[in-house]
Amino acid sequence: MKGASTNICYNVLDRNVHEKKLGDKVAFYWEGNEPGETTQITYHELLVQVCQFSNVLRKQGIQKGDRVAIYMPMIPELVVAMLACARIGALHSIVFAGFSSESLCERILDSSCSLLITTDAFYRGEKLVNLKELADEALQKCQEKDFPVRCCIVVKHLGRAELGMGDSPSQSPPIKRSCPDVQISWNQGIDLWWHELMQEAGDECEPEWCDAEDPLFILYTSGSTGKPKGVVHTVGGYMLYVATTFKYVFDFHAEDVFWCTADIGWITGHSYVTYGPLANGATSVLFEGIPTYPDVNRLWSIVDKYKVTKFYTAPTAIRLLMKFGDEPVTKHSRASLQVLGTVGEPINPEAWLWYHQVVGAQRCPIVDTFWQTETGGHMLTPLPGATPMKPGSATFPFFGVAPAILNESGEELEGEAEGYLVFKQPWPGIMRTVYGNHERFETTYFKKFPGYYVTGDGCRRDQDGYYWITGRIDDMLNVSVREKIGPIATPDYIQNAPGLPKTRSGKIMRRVLRKIAQNDHDLGDTSTVADPSVISHLFSHRCLTIQ
């Protein structure tokens, strides 16, 4: 599509408001951390705020091609910020608000971001996170590495009650719980309040027309070396792919209320909280909290409250909620639910069955979606009502996607087979490069088997043609008898491990395991680890080895 001009913000907002006349339709129901902290924002209100913030960014000197770092919780201003970047042709680089100041600094430096957008503070369940303090630490680290960021725009979220903005329908309401006296440090000449800038901004802003192959955003995914990879997606192909996969995989209809529980800091949130649903003129739920706060009923009470029809979450969350039994689920109606989805890692049959039988009351098809940050959107997935289901991670290629299973020699295997999952031809949503390092892009995804995109995942195809993801290739250990492979295959040491260091999406962090094996405590950035206590346990129970 190179040579075609478009703007993704125009397509997801202006087109829906002016051409499709959806201005009064709710774009997002926002559900805060505390039950009762709610608001909604229509497509027209969202367009006005995006135009205002686009003008703010332009006034700060942000131009097409510039990089803007965003470090925010799940509040409406996060969506406004990313769409404003897209409107003026700047690249957003969103950093999950659960990551450390070191992670934020590393990502700002890697893509030379000229501006940071953050929040004063927020609650995640019971935990208070002083995000501004972490942002300040990151900017100080950038300064020490000779990269001063010239501007930091701060949303007053925890202190919103002071602004008297709770009556505005498209603003997050004041925080209901009593807040301790959070000290928000202020760097004169760098820090600027979001609300003050917005008050002065005009509400019309002509979009920057971009080539279809211009970059849209950078999103960092953990690298096995410890240095995150800046995955680059482009405007045209990504827009088409997320719009199309959202429409067909979730069987979207205009009256749907869609809820993807993922944080926008992950690719799932980019594609199926923001861009995919908005491109289809959908109404979505934007949730700031966690599944277990204030109690384990929270997700199902939200489903009933907004009459959610399509629900998309991670197997991790399903397994967590399974532990509390059926009653927290079945005490809610859930009658609105029509399609259930899973994302992030393969789902085990036990969790699949509980999700189907208890959450979906045996009447909702489950779409177990396989895809990656790098693919932009769904690659292998059943279609609801069209694909006979199998409990577990069984799936089919999305339209036009061409998977293959290769053996170690790079030969394609036919019929029932197990090996490396690859894709034989490109698709619109494929990443275009690793930011600033195209050689790393080619080496990581194309070198092992030339002519194929290498996912890094193992896969089994059964006799019915279903694909079963078996996990990361590097996570697997071939188990065989000593006589068959030879003494060289015998492990020197075996350490019992009650758990392994994993990212929040369930991927094992192999580089951390290597460090533990070497008794090297210099682990690099570990802020992506879901449970840091696992690392401490593995070090403290490490085998005594002969160096």
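Visitor: Hi! Where does Arg319 sit?

Guide: Arg319 lies in helix H10. Helices here are DSSP runs of H or I with at least four residues, strands are runs of E with at least two, and both are numbered from the N terminus. Before we go on: this is a predicted model, in which local features need pLDDT of at least 70 and side-chain atom pairs count only at pLDDT 80 or more, while totals for chains, interfaces and linings use all residues. Residues are numbered from 1 along each chain as its sequence is written, and side-chain values use heavy atoms, with hydrogens and water left out.

Visitor: Thanks. Is Arg319 exposed, partly exposed or buried?

Guide: Arg319 is partly exposed, at a relative accessible area of 28%. Buried means under 20% relative accessible area, exposed means over 50%, and partly exposed is in between (1.4 Å probe, protein chains only).

Visitor: What is Arg319 in contact with, leaving aside its neighbours within four places in sequence?

Guide: Arg319 is in contact with Glu345, Pro346, Asn348 and Ala351; contact means heavy atoms within 4.5 Å. There is also Tyr355, 36 residues from Arg319 in sequence, with 9.2 Å between the two C-alpha atoms.

Visitor: Glu345 then. Where is Glu345 found?

Guide: Glu345 belongs to the loop that runs between strand E17 (339-342) and helix H12 (349-359). With 16% relative accessibility, Glu345 counts as buried.

Visitor: And which side chain does the Glu345 side chain join in a polar contact?

Guide: That of Thr316, at 2.5 Å. A polar contact is a pair of N or O atoms within 3.5 Å; within protein, one must be able to donate a hydrogen and the other to accept it, and residues adjacent in sequence count only if both atoms are side-chain atoms.

Visitor: At what angle do H10 and H12 pack?

Guide: Helix H10 (residues 315-322) meets H12 at about 75°, and their axes are 10 Å apart. So H10 is roughly perpendicular to H12. From H10, the contact uses Ile318, Arg319, Leu321 and Met322, and from H12 it uses Glu350, Ala351, Trp354 and Tyr355. Axes are lines fitted to C-alpha atoms, for helices over the stretch in contact, with angles from 0 to 180 degrees between N-to-C directions. Angles under 35 degrees count as roughly parallel, over 145 as roughly antiparallel, 65 to 115 as roughly perpendicular, and the rest as oblique.

Visitor: Let's switch to sheets. In what order do the seven strands of the open sheet come?

Guide: The order is E3-E2-E15-E14-E16-E17-E18, with mixed pairing. Strand E3 (38-42) and strand E18 (366-368) are the edges, each pairing on one side only. Neighbouring strands of this sheet are turned against each other by 20° on average, direction ignored. Two strands pair if DSSP finds at least two bridges between them.

Visitor: Which helix packs on the sheet?

Guide: Helix H8 (residues 267-279), which touches E2, E14, E15 and E16 and makes about 165° with the direction of E14.

Visitor: How many bridges join E16 to E17?

Guide: Four, and E16 and E17 run parallel. One of the partners is Leu340 in E17, which bridges to Phe311. Strand E14 (residues 257-260) also runs parallel to E16, through three bridges, and there Phe258 is the bridge partner of Lys310.

Visitor: Which way do the E16 side chains point?

Guide: Strand E16 (residues 310-313) has Lys310 and Tyr312 pointing one way and Phe311 and Thr313 the other way, and all are buried.

Visitor: What about the five strands that form an open sheet?

Guide: Those follow the order E19-E24-E23-E21-E20, with antiparallel pairing. Strands E19 (394-395) and E20 (403-406) are its edges. Strand E23 (residues 453-461) is joined to strand E24 (residues 467-472) by five bridges, and Asp457 stands opposite Arg472 in E24.

Visitor: Last topic: how many residues of H3 are buried?

Guide: 13 of the 13 residues of H3 are buried, so the rest of the structure largely encloses this helix. H3 (residues 76-88) reaches 19 Å from its first C-alpha to its last, close to the expected 18 Å; the expected span is 1.5 Å times one less than the number of residues. After H3 comes Gly89, with a positive phi near 80°.
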